[in-house]
Number of protein chains: 2
Amino acid sequence: MRILLIEDERELADALSVALGKHGVVTDHTMHLADAIELTRQNVYDAILLDRRLPDGEGLTFIPELRRTGTDTPIIVLTARNEPMERVEGLDVGADDYLGKPFLVEELMARLRAVLRRPASLAELHITVGRMVIDPLHLSVTVDAIPLDLPRRELLVLAALAKRKDKTVLRSTLEAAVYNYEEEIQSNALDAHISRLRKRLLDAGAGVAVHNIRGVGYLLKEE
Amino acid sequence: MRILLIEDERELADALSVALGKHGVVTDHTMHLADAIELTRQNVYDAILLDRRLPDGEGLTFIPELRRTGTDTPIIVLTARNEPMERVEGLDVGADDYLGKPFLVEELMARLRAVLRRPASLAELHITVGRMVIDPLHLSVTVDAIPLDLPRRELLVLAALAKRKDKTVLRSTLEAAVYNYEEEIQSNALDAHISRLRKRLLDAGAGVAVHNIRGVGYLLKEE
DNA sequence: CCAGCAAGATTGCAGCAGCATTGCGGAAGG
DNA sequence: CCTTCCGCAATGCTGCTGCAATCTTGCTGG
């Protein structure tokens, strides 16, 4: 589990990092709201722990700001401001839980677990073709729920085809999907990938076919 | 919004019904755990408010009972038993929140809202692969019900793999699961963890295998 | 309808990137 | 002070991948 801790008391933050670490939680720490948004852009956190009093402002303002970016990471507010109405305030701007300082690490962990007991992901994009399911985000492929592992380049080709299944994908598009602009291709490497991919899909009984459109590109469809 | 209130003090229950009613909440009330299960079968509630001290037993026992029926309705425990470790207890048997008496109705409402904002929770508490059961929230692992203790980092790797069993987990995802951004990796530390984890899983006869997908990541599946 | 040709398919091969394994020493915890 | 964990790095190995040679397919014009 990986969390973001937004807290300006260095001592507390360090102690928490250590304590949470013992529970197997990986903690990123920042003292400034300004950095927090950037960090959530760069990393995917399981949860965020947020202090209210921060050097650059009231922590609660961070919540709507974060939600506006479409992130629904659970947020637990940790603060000495623990009057009932202050708790209401915090929960109503979008915090998932509110915990007054001081607190036991045990309780924080329990609240973390409670908040995390929810579906892992938001919108997982799966593409189904034939008996095959492709998750282009996680780069995983299954046939009849059995994982199929493909070499990286073949995987990239397949994902690119799957994203536009039943439609022609230009040869150049495929090349772009597999090679970055630094890598140059001096041969029929792409054709070779297609060939090997076809063989593997056939062996796995994926129920799909990769068709060629002469002079244009390729196309993935059910068999 | 419709909720189920399980509470034996009639006065409090009535007062709450009225107060919640003013917030647009329809309340079903029962004083007995025995009735509660039946009521959840007949109605779909948005949330359940649960007292601990009840005439026919400890309220917390209701939670696993209800969960076993496949219901994932959020549960908020309302109780005078409000010591930190008692709260931990409540949350860990599956309550979504825990609120000590006495409380302001305002706060209860806020917590209700917070709990209802969360996508319905279906996340598995335990993941079974081969002969191994993993609890990613508590980070515990058993093989044939015998606890297996793993070093922290190996545990984190395993939990990350288990959460997406039978699916590829990107190398970078694994790194993020084990290291925070301050910790830098200058070597094949992750590979080493995988290697040692494999050995331990083999020794324990876990019946699982960690596969590598070259250039992509790793994947956990049954042997 | 056929010859000619261009585009694609297939496959062996060699090189090498990525992975597996393991010993070592420092660090942390008891 | 002893044990375990963990990062590091050296070593060996596997199999992906680009290349090129060869074979096949299907389009085209006459």
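Which residue of chain B forms a salt bridge with A:E107? Good morning, everyone. The structure before us is a predicted model, and that question leads us into the interface of its two chains. The partner of A:E107 is B:R87, and the closest N and O atoms of this salt bridge lie 2.6 Å apart. Between chain A and chain B, the count of salt bridges is six. Eight residue pairs in polar contact are also counted between the two chains, with both residues at pLDDT 80 or more.

Which elements of chain A supply the side that touches chain B? At least two residues each come from strand 2, helix 4, strand 7, helix 5, strand 10 and helix 6. Helix 5 of chain A gives the largest share, eight residues.

Let us now consider the interface as a whole. Here 45 residues of chain A are in contact with 49 residues of chain B. The size of an interface is often given as the accessible area lost when the parts come together. For chain A and chain B the buried area is about 4100 Å², and carbon and sulfur atoms give 55% of that area.

Finally, I turn to a packing within chain A. Helix 6 and helix 8 of chain A pack at an angle of about 85°, their axes being 9 Å apart. The two helices are therefore roughly perpendicular to each other. Among the residues making this contact are A:V157 and A:L158 of helix 6, and A:I194 and A:L197 of helix 8. The contact residues divide into six nonpolar, one polar and four charged. Thank you for your attention.

Notes. Residues numbered from 1 in each chain as written. Chains lettered and ligands numbered in written order. Predicted model: local features only at pLDDT ≥ 70, side-chain atom pairs only at ≥ 80, totals over all residues. Heavy atoms only, no water. Contact = heavy atoms within 4.5 Å. Buried area = accessible area lost by both parts, 1.4 Å probe. Salt bridge = Lys/Arg side-chain N within 4 Å of Asp/Glu carboxyl O. Polar contact = N/O pair within 3.5 Å; in protein donor to acceptor, adjacent residues only side chain to side chain. Helix = DSSP H or I, 4+ residues; strand = E, 2+ residues; numbered from the N terminus. Axes fitted to C-alpha atoms, helices over the stretch in contact; angles between N-to-C directions. Parallel < 35°, antiparallel > 145°, perpendicular 65-115°, else oblique. Nonpolar A, V, L, I, M, F, W, Y, C, P; charged D, E, K, R; others polar.
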